[in-house]
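This report goes through the overall form of the chain and then one part of its fold. Please keep the sequence and the model side by side while reading.

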Amino acid sequence: MATRIRLQRGGRKGYAVYRIVITDVRAPRDGKFTEKIGTYNPNTNPATVDLNFDRALYWVEVGAQPTDTVRNLLKGEGVYMMKHLRGGVKKGAFDEATCQQKFDAWKKEKDSSKEALEKKAADEKKAYVAKNLEEEKKANEAIAKRVADKKAAAKAEEEAAKATEAEAPAEVTETEAPAEA
């Protein structure tokens, strides 16, 4: 029986979550499967992969053919690296302890580069937020200055209107007073 490692879709419309499963080559995408070895959630940033490493390694060594996407996921998790190192152990190039040391060094390097990328993304996000905050503060200050200028102009017009009002009734009363006498 030819086996395949593939993704089986789950989740809701517009929010797909996948199971990583072992299936017969002839089985449909969401049909029967032999074993579930993990999950893949592309909706998170970065995408989340939860994998049973030992079972995935077993199936790859037995000859199960992964789909392209699953192959990339398995490479990212180090399944193919461990398969390669185990091949060296079988050929006698090095022993099991050296194999594990090389894999641990590879995994540590991969994790540190991943953390560096996450830190860089977080720093860029903080810088972007700080830049937007500064721009917003400048815009708010400009708006506040325009409002203050408008209020000052309105107040000056109001005072000018009051001054002309105060002068106009005084003149009217002076002209009317002699007319009555």
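Among the contacts in the chain with a separation of 6 or more, 36% come from residues 24 or more positions apart.

The model is a predicted one, in which local features need pLDDT of at least 70 and side-chain atom pairs count only at pLDDT 80 or more, while totals for chains, interfaces and linings use all residues. Residues are numbered from 1 along each chain as its sequence is written, and side-chain values use heavy atoms, with hydrogens and water left out.

## Overall dimensions

The radius of gyration, taken over C-alpha atoms, is 38 Å for the chain, whereas a compact globule of 181 residues would have one near 16 Å (by the rule of 2.2 Å times the number of residues to the power 0.38). Along the principal axes, the C-alpha atoms fill a box of roughly 130 × 40 × 20 Å.

## Elements and a hairpin

Four helices (DSSP runs of H or I, at least four residues) and five strands (runs of E, at least two) are present in the chain, and from the N terminus on they follow the order β-β-β-β-α-β-α-α-α.

Strand 3 (residues 35–41) pairs with strand 4 (residues 48–51) in the antiparallel sense over four bridges, where pairing requires that DSSP finds at least two bridges between the strands. A hairpin of six residues joins strand 3 to strand 4, and threonine 39 stands opposite aspartate 50 in strand 4.

Methods. Contact means heavy atoms within 4.5 Å.
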